[in-house]
Amino acid sequence: MRRSAAELDKMRKAGRIVAEIKATTREAVRDGVTTAEIDKVAREVIERRGAKSNFLNYHGFPAVICTSPNSMIVHGIPGKHRLKEGDIISIDCGAIWQGYHGDSAFTVGVGKISKEAQHLIEVTSRSLQAGIAMMEEGNHLHEVGRAVQRVVEAAGMAVVREYVGHGIGTAMHEPPNVPNYWPGSPGPKMKSGNVFAVEPMVNIGGAETRLLEDGWSVVTADGSLSAHFEDTIAITDNGPEVFTADE
Ligand code: MG
Ligand code: MG
């Protein structure tokens, strides 16, 4: 799907709201806070900006963000879980502005974290940046995942295969999929006006995942730490434009 300039403007605005959710939830992460309290902070931003949540009620999801601590990869449900010093927490968030979606995620430490955890966060963030650097008109979509995978595997870590990025626009999840690895084919050519959510999920240990009994929470099969970074990015004539950048 190629979005018009007017559509891209709405997605840019949705992205700025999502960036504000990221900044405020990051600020809320501290020893002793519950994941439900972080969700509340995100709800307040969405309400204040007159936006809508794209996470709430998505296939029955009960919150406006996903909170996935430590070995949880994605889709954790905010609740009574209390963060503690040394944890890492992945926060996935989104918003809808005038019918157009933004989607973004980051992982952050709670207070002082291990060198290993810090390295995981840095590698995952860097892998997303390497993917974004490939997002030029005329490049093939799967070059994005190949670039992500190179960074991750050079660090001796693993890219999750079961969950991938996606097109985004008037729905949060639109075709095509954006794998975070080379799937064996180059995929479609990216065109100006395309918008994608790119979202590497990286495990310190193996790539395998496990779904918990709540039907949402996805964890690493081997219990190793996992990180997740995501941005919503448009292909433009001047290169990639990150709508959800917050710093
Ligand atoms: Mg997301
Ligand atoms: Mg996404």
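## Basis of the model

A residue is called buried when its relative accessible area is under 20%, exposed when over 50%, and partly exposed in between (1.4 Å probe, protein chains only). Aspartate 103 and glutamate 230 are both buried by this rule.

This is a predicted model, in which local features need pLDDT of at least 70 and side-chain atom pairs count only at pLDDT 80 or more, while totals for chains, interfaces and linings use all residues. Residues are numbered from 1 along each chain as its sequence is written, chains are lettered from A and ligands numbered from 1 in written order, and side-chain values use heavy atoms, with hydrogens and water left out.

Donors here are N, O and S atoms within 2.8 Å of the metal (3.2 Å for Na, K and Ca); water is not among the atoms, so sites may look incomplete. Helices (H or I, at least four residues) and strands (E, at least two) are DSSP runs, numbered from the N terminus.

The magnesium ion (ligand 2) is held by Asp103 (OD), His166 (NE2), Glu199 (OE) and Glu230 (OE), at 2.1 to 2.2 Å. These donor residues are spaced D-x62-H-x32-E-x30-E. Aspartate 103 bridges the magnesium ion (ligand 2) and the magnesium ion (ligand 1), and the ions lie 3.2 Å apart. Aspartate 103 in β4 (residues 100-109) and glutamate 199, in the loop between β8 (195-198) and β9 (201-203), are 96 residues apart. Aspartate 103 has a relative accessible area of 2%. The value for glutamate 199 is 6%, also buried.

## Sheet and hairpin

An open sheet of three strands runs in the order β5-β9-β12, with antiparallel pairing. β5 (158-159) and β12 (226-228) are edge strands with a single partner each, so one side of each has no neighbour in the sheet. Two strands pair if DSSP finds at least two bridges between them. β9 and β12 have three, in the antiparallel sense. Valine 202 has alanine 227 of β12 as its bridge partner. Helix α3 (residues 115-133) packs on the sheet and touches β9 and β12; its direction makes about 35 degrees with that of β12. Such axes are lines fitted to C-alpha atoms, for helices over the stretch in contact, with angles from 0 to 180 degrees between N-to-C directions. Contact means heavy atoms within 4.5 Å.

Strands β6 (residues 165-167) and β7 (residues 174-178) also pair antiparallel over three bridges. They form a hairpin with six residues between them. Glycine 167 faces glutamate 174 in β7.

Alanine 28 belongs to helix α1 (residues 5-28). Its relative accessible area is 13%, so alanine 28 is buried. Beyond neighbours within four places in sequence, alanine 28 is in contact with Val33, Ile38 and Val41.

Helix α4 (residues 142-154) has 13 residues and reaches 18 Å from first to last C-alpha, close to the 18 Å expected at 1.5 Å a residue. That expected span is 1.5 Å times one less than the number of residues. Buried residues of α4 include His142, Glu143, Val148 and Val152. The buried residues of α4 pack against α3, β5, β7, β8 and β9. Glycine 156 follows α4 with a positive phi, near 75 degrees.

## Salt bridges

A salt bridge is a side-chain nitrogen of Lys or Arg within 4 Å of a carboxyl oxygen of Asp or Glu. The whole structure holds 13 salt bridges. In one, glutamate 7 meets arginine 3, with the closest N and O atoms 3.1 Å apart. Glutamate 7 is buried at 18%, and arginine 3 is buried at 8%.

Arginine 49 and glutamate 20 form another, at 2.7 Å from N to O. Arginine 49 lies in the loop between α2 (35-48) and β1 (65-69) and glutamate 20 in helix α1, so the pair ties parts 29 residues apart in sequence. Arginine 49 is partly exposed at 35%, whereas glutamate 20 is buried at 19%.

Arginine 161 and glutamate 153 meet at 4.0 Å, N to O. Arginine 161 is partly exposed at 33%, and glutamate 153 is partly exposed at 41%. Elsewhere, salt bridges that share partners join Lys22, Arg26, Asp231 and Asp246 into one network.
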